[in-house]
Amino acid sequence: MRSQDVEVLREVRRQMLREAHEEMRRQEVRGQMRREVRSQVRSEMRSQMRGQVRAKELSAVRAGPRIRRSASVDGVGARLLEAYAALAERGEHLFAGLLGGATPKQWAHYPEDDAIDASRGYQWFYHSHSPEDRPGSSEHGHIHLFARRPLWGRRLRSKSERAFAGLCGDPVSDAHTRHLLAIGFDAKGLPVSLFTVNSWVTGDLMLGADLTMELLESMELDTGHPEVDAVVEATIRMCLAELSELMAARDKSLAAHVGPDKLGDSSLELLSEIAVDLDAKLAIQGD
Ligand SMILES: [Zn+2]
């Protein structure tokens, strides 16, 4: 090879190396920018969540028992913030994907056929009732969360389930779901309440408090709606103490209501409700 050709090849090689280095630098800068944006969005979301929760009437909001700070709870809080940060980065509301940009219609299910995690056995949908139906409520809508039959079908003969069925008047139903919980959201898409409703509202039945708590505690969701799944999971993990109270209050309401068909009695709708303040919990974690 002529020395001239060798020099040309060397120059080409130098040029390629220069370009590769420049590309690496560009990627580094982009990565750094992404990291900065992410951390900025995260801190903005966090202060926004605090601001919004504080903007509500604090007298009406219970922070609930202070939760023990632990690595797992810290992780859950981080997951919640990351879900909202990802939405903020895309400029999206939590339910934007579900509502498809349309104004939500009262009572319509979002998604229409429910969000289903068939492999784990959970499903949920988002909707809103008519304002008259939830007077005094500041929520935008709520998620109804259900457990599918494989999660509880073989558990119905347990002592606690038989006791709960007795409390409910031994109802019979061939429904394939059991309603676990409803989570109320404000207009910004932040969870603000946990509540339980009577079975005529959801058209299925409920499970005893022990099994309900077990299914909530171990719940993981992958329905194809990652941010909503993350928020539902994180809300539940951060509010286990409140959920125990909520289930106890539910059973108290059922026990106090007399009548032959208490699960079908439309005068008994809301069984128990607790306002939640995730911002307060995040603040505890961040201390
Ligand atoms: Zn509802």
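**Exercise 1.** Find which residues of helix α9 are buried, and which elements they pack against.

*Solution.* Begin with the burial criterion, by which a residue is buried if 20 or more other C-beta atoms, placed from the backbone, lie within 10 Å of its own. In α9, the residues that count as buried are Glu-242, Leu-243, Leu-246, Met-247, Arg-250, Asp-251 and Leu-254. The model is predicted, and local features need pLDDT of at least 70, side-chain atom pairs count only at pLDDT 80 or more, while totals for chains, interfaces and linings use all residues. Residues are numbered from 1 along each chain as its sequence is written.

**Exercise 2.** State how many helices and strands the protein chain has.

*Solution.* Helices (H or I, at least four residues) and strands (E, at least two) are DSSP runs, numbered from the N terminus. On this basis the protein chain has ten helices and six strands.

**Exercise 3.** Describe how strands β1 and β2 are joined.

*Solution.* Two strands pair if DSSP finds at least two bridges between them. Strand β1 (residues 110–117) and strand β2 (residues 122–127) run antiparallel and are joined by four bridges, and Ile-116 has Gln-123 in β2 as its bridge partner. Four residues lie between the strands of this hairpin, where Gly-121 takes a positive phi near 95 degrees.

**Exercise 4.** List the residues that Ile-183 touches, leaving out those up to four places away in sequence.

*Solution.* With those neighbours set aside, Ile-183 touches His-142, Ile-143, Leu-145, Pro-191, Leu-194, Val-232 and Thr-235.

Technical notes:
A residue is buried if 20 or more other C-beta atoms lie within 10 Å of its own, exposed if 12 or fewer, and partly exposed in between; C-beta atoms are placed from the backbone. Two residues are in contact if their C-beta atoms, placed from the backbone, lie within 7 Å.
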